[in-house]
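Dear colleague,

Please find below the structure that I am handing over to you.

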Amino acid sequence: MNLVTVSGPPSVGKTSVILKTIVSLKNRGLKVGVVKFDCLFTDDDLLYEKAGVMVQKGLSGGLCPDHYFVSNIEEVTQWGLENNFDILISESAGLCNRCSPYIKDIKAVCVIDNLSGIGTPKKIGPMLKSADIVIITKGDIVSQAEREVFASRVHSVNPAATILHVNGLTGQGSFELSTLLFDKDENITTLKGKTLRFSMPAALCSYCLGETRIGESYQMGNVRKIDLGKKEI
Amino acid sequence: MATLTDVNLRHDKIDTILSKYPFAETFLTNNGVDVTNFRENSLDDYFKSLDPEHIEDHAIDPEHLLDQFSVFISQMLSFLGEDDKVVESITILPGHDKSGKTENFSEFIIQKNEIVSIVGPTGSGKSRLLGDIEWAAQNDTPTGRSILINGKTPDKKWRYSSSEKLVAQLSQNMNFVMDMSVFEFLELHAESRMVTDSETVIKRIIEEANNLAGEKFDPNTPITALSGGQSRALMIADTAILSKSPIILIDEIENAGIDRKKALKLLLSEDKIVLMATHDPVLALMGNRRIVIKNGGILKIIETTEEEKEILTEIEELDKKVMTMREKLRNGEKLTS
Ligand SMILES: Nc1ncnc2c1ncn2[C@@H]1O[C@H](COP(=O)(O)OP(=O)(O)OP(=O)(O)O)[C@@H](O)[C@H]1O
Ligand SMILES: Nc1nc2c(ncn2[C@@H]2O[C@H](COP(=O)(O)OP(=O)(O)O)[C@@H](O)[C@H]2O)c(=O)[nH]1
Ligand SMILES: [Mg+2]
Ligand SMILES: [Mg+2]
Ligand SMILES: [Zn+2]
Ligand SMILES: [Zn+2]
């Protein structure tokens with residue numbers, strides 16, 4: 001089985017692109033499964049089911065979704081193996097610009113859209129900078145020049161990545177993407193022993209864990225205080 | 001991994017690196033590396049000066065960054081160094097239609113400075129053909145077609161390089177989304193294309209765009225304030241002059257507010273190959289040849305006949321008449337027969 005991790009900011013077109021790509025993978029006779037990680041709510045599982053794709057979803061609730069991802073991806077991989085998938089795709093909403101769910105030696109795909117502004121590639125952290133493949137969507141609503149400028153910005157923060165333009169609505173470019181996702185010589189049986197491409201921040205604070213009360217005595221773990229400067233009155 | 005022999009990115013003075021490779025500054029800026037106070041130092045010194053908390057917060061990985069920096073510089077050098085970038089022709093080798101029937105032609109060669117139109121019903125496979133060309137298919141797409149460039153199996157770079165795309169596509173959409181003036185916008189595009197004499201190029205683009213659009217605009221106009229026709233004109237002029245891609249795909253040029261014939265001429269004058277999917281007879285007949293697609297396959301390739309060219313002149317006359325009437329109505333005049 002191949003495992004592919006797909007990540008990207010909300011609403012950039014991850015689900016649309018994955019669904020279009022699955023069509024091409026299925027045409028090659030490959031069995032595909034999906035796992036969707038999100039924070040509080042997702043309807044994506046219904047979309048995958050409607051397309052006849054086996055899907056699992058995991059909601060992280062108050063936790064950083066990427067932390068939740070790492071804690072669960074091994075179990076999900078075993079689920080994929082039990083179901084004899086040729087390829088298991090994980091979709092996770094990149095809500096935390098600091099973390100990323102990429103694992104060393106596991107194909108990592110980042111999806112971003114042309115509409116997010118040319119400053120965005122600079123702002124997204126490891127999720128963009130350490131991806132193997134970067135998919136740029138929504139090229140249909142911007143000009144050729146804007147597509148070129150945006151792609152060059154992406155290139156300058158991740159020159160080693162393969163950058164592809166995919167239209168999530170029409171599927172233009174999704175066949176091409178499908179050829180990059182599956183490698184018949186790759187065979188994962190477990191993720192045990194593998195490591196993340198980037199460490200996630202050392203610890204969580206008490207608010208991550210459900211604390212609601214305000215005040216220093218309730219603050220534990222990794223707490224950092226705002227620097228308000230020392231203005232003279 | 002690419003290695004650079006003439007500089008040591010880790011230990012050389014940052015000033016030395018930047019004076020050797022001026023474009024490297026883009027990389028540092030876009031990766032949030034602020035070297036203002038470190039120009040006399042090395043990147044190693046810079047990383048060592050960072051607060052560990054800052055490194056953690058911004059997920060800075062010096063080793064990864066140095067690797068990427070080296071890849072970036074190598075790619076830029078090979079991009080700037082190439083001069084055999086001219087695409088003289090593309091060749092389409094037959095595949096099969098949706099029922100698996102082999103396409104009925106031996107090879108189809110399109111030379112630069114040529115317009116080919118593509119016609120066929122919805123769902124017939126026009127976009128797939130354009131996709132095959134863009135991906136430089138090698139019998140590895142659903143149609144089984146292969147594409148040659150200059151008569152040879154193309155370099156893989158056409159698939160994977162972000163700076164060298166075989167195909168530029170004129171969007172259906174007529175609006176820009178970025179918020180800046182025409183000049184700033186073109187400057188940004190020129191910068192991303194590594195153009196050295198950007199002032200001259202920008203001036204030319206605006207001139208050509210004004211040539212295509214009915215109403216002139218000046219460089220300080222915000223791009224979002226341009227009319228539909230002006231936006232279209234600017235997009236075409238910009239793609240013709242600034243985009244490096246040798247092939248231009250067009251999905252219908254709308255009639256609104258621009259001179260389509262001039263637009264196509266401009267694209268051809270820049271040594272492009274133009275492929276145009278269209279239902280408009282004026283555009284379909286402007287091509288020297290047209291590809292007819294049916295059931296996923298190329299059914300035939302028709303050369304535009306002399307008779308059709310005469311008919312085109314008639315349709316263009318009609319077109320002009322309609323345009324003049326539209327203009328008159330717009331200006332509050334009355335039509336007379
Ligand atoms: N030769 C072929 N073999 C198998 N599938 C094909 C072939 N040609 C096209 N297809 C598939 O048929 C579908 C429709 O093709 P496409 O989108 O290219 O049509 P179109 O002519 O662009 O339609 P429209 O006018 O609606 O834009 C696509 O999924 C495409 O991959
Ligand atoms: N115009 C346009 N819209 C797109 C494209 N890709 C996705 N969308 C739309 O963007 C919205 C969000 O897409 P979705 O796949 O749910 O994004 P996700 O949250 O990243 O999974 C949907 O309305 C899609 O139809 C694209 O390439 N072009
Ligand atoms: Mg989704
Ligand atoms: Mg189409
Ligand atoms: Zn996080
Ligand atoms: Zn917290």
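The notes below take up the interface, the salt bridges and the cavities in turn.

This is a predicted model, in which local features need pLDDT of at least 70 and side-chain atom pairs count only at pLDDT 80 or more, while totals for chains, interfaces and linings use all residues. Residues are numbered from 1 along each chain as its sequence is written, chains are lettered from A and ligands numbered from 1 in the order in which they are written, and side-chain values use heavy atoms, with hydrogens and water left out.

The interface between the chains

Chain A brings 41 residues and chain B 45 residues to the contact, where contact means heavy atoms within 4.5 Å. About 3,600 Å² is buried between chain A and chain B, 54% of it on carbon and sulfur atoms; buried area is the accessible area (1.4 Å probe) that two parts lose on being put together, summed over both. There are 16 residue pairs in polar contact between chain A and chain B, both at pLDDT 80 or more. A polar contact is a pair of N or O atoms within 3.5 Å; within protein, one must be able to donate a hydrogen and the other to accept it, and residues adjacent in sequence count only if both atoms are side-chain atoms. On the side of chain A that touches chain B, H6(A) gives the most, with 11 residues. Helices (H or I, at least four residues) and strands (E, at least two) are DSSP runs, numbered from the N terminus.

Salt bridges

Over all chains the structure holds 26 salt bridges, each a side-chain nitrogen of Lys or Arg within 4 Å of a carboxyl oxygen of Asp or Glu. Two are found across the interface of chain A and chain B. B:Arg193 and A:Glu148 meet through their side chains in a salt bridge (3.5 Å, N to O). Within chain B, B:Glu88 pairs with B:Lys112 (3.4 Å, N to O).

Cavities

The model has three cavities of 30 Å³ or more. On a 1 Å grid over the protein atoms alone, a cavity is a set of points where a 1.4 Å probe fits but cannot get out, and lining residues have an atom within 4 Å of a point. Grid points are joined across faces, edges and corners, and a volume is the space filled by probe spheres set on the points. The largest cavity holds about 50 Å³ of space. Its lining includes A:Val6, A:Thr21 and A:Leu181, and H1(A) gives the largest share, three residues.

Terms used: 1 Å grid on protein atoms, 1.4 Å probe; cavity = no way out; pocket = protein on both sides within 12 Å on 5 of 7 lines; lining within 4 Å.
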